[in-house]
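Q: Hi! Could you walk me through this model?
A: Happy to, here it is.

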Amino acid sequence: ATTLTGLYPYTQYSCYVTANTSVGEGNPSIILPQRTEEAAPPPPFNLIAYNDSSTAITLNWARPQFPNGLIQFYVVVYYPEGNISGAINTTTPNTTLTINGLAFYT
């Protein structure tokens with residue numbers, strides 16, 4: 001058995017094998033397609049925030065170019081400046097989220 005290393009996560013590869021003797025190389029085996037396993041994604045990028053009102057903001061971001069798998073959802077964490085202990089987590093499958101009900105002008 002041979003382990004192939006240095007492959008990209010969640011990428012389709014095609015593999016085949018040939019046998020060789022002192023006379024030369026034989027015919028290839030069947031081509032076997034195989035996808036590597038998923039890995040954790042890199043961070044989203046181009047995060048932009050818009051203040052929609054005195055109590056709401058909308059966040060937009062771009063999915064990672066190479067997500068290393070199928071992104072199921074994003075986790076958005078927000079909290080008042082300087083109060084990380086009051087952080088709120090929410091999830092969304094989208095690349096935009098409007099957060100309503102914030103304290104006025106924060």
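Q: What share of the contacts with a separation of 6 or more comes from residues 24 or more positions apart?
A: Those residues account for 39% of such contacts in the protein, a contact being heavy atoms within 4.5 Å. Bear in mind that this is a predicted model, where local features need pLDDT of at least 70, side-chain atom pairs count only at pLDDT 80 or more, and totals for chains, interfaces and linings use all residues. Residues are numbered from 1 along each chain as its sequence is written, and side-chain values use heavy atoms, with hydrogens and water left out.

Q: Thanks! How many helices and strands are there?
A: Zero helices and nine strands. These are DSSP runs numbered from the N terminus: helices are H or I with at least four residues, strands E with at least two.

Q: And which residues make up the largest nonpolar core?
A: Six do: Leu 59, Trp 61, Tyr 74, Val 76, Leu 97 and Ile 99. Such a core is a set of buried Ala, Val, Leu, Ile, Met, Phe, Trp, Tyr and Cys residues joined through side-chain atoms within 4.5 Å; buried means under 20% relative accessible area, exposed over 50%, partly exposed in between (1.4 Å probe, protein chains only).

Q: Which elements give two or more residues to this core?
A: β6 (56–62), β7 (74–78) and β9 (96–99).

Q: Switching topic: where does Pro 33 lie?
A: In strand β4, residues 32–35. Pro 33 is partly exposed, at 47% relative accessible area.

Q: What is Pro 33 in contact with, leaving aside neighbours within four places in sequence?
A: Gln 12, Tyr 13 and Ser 14.
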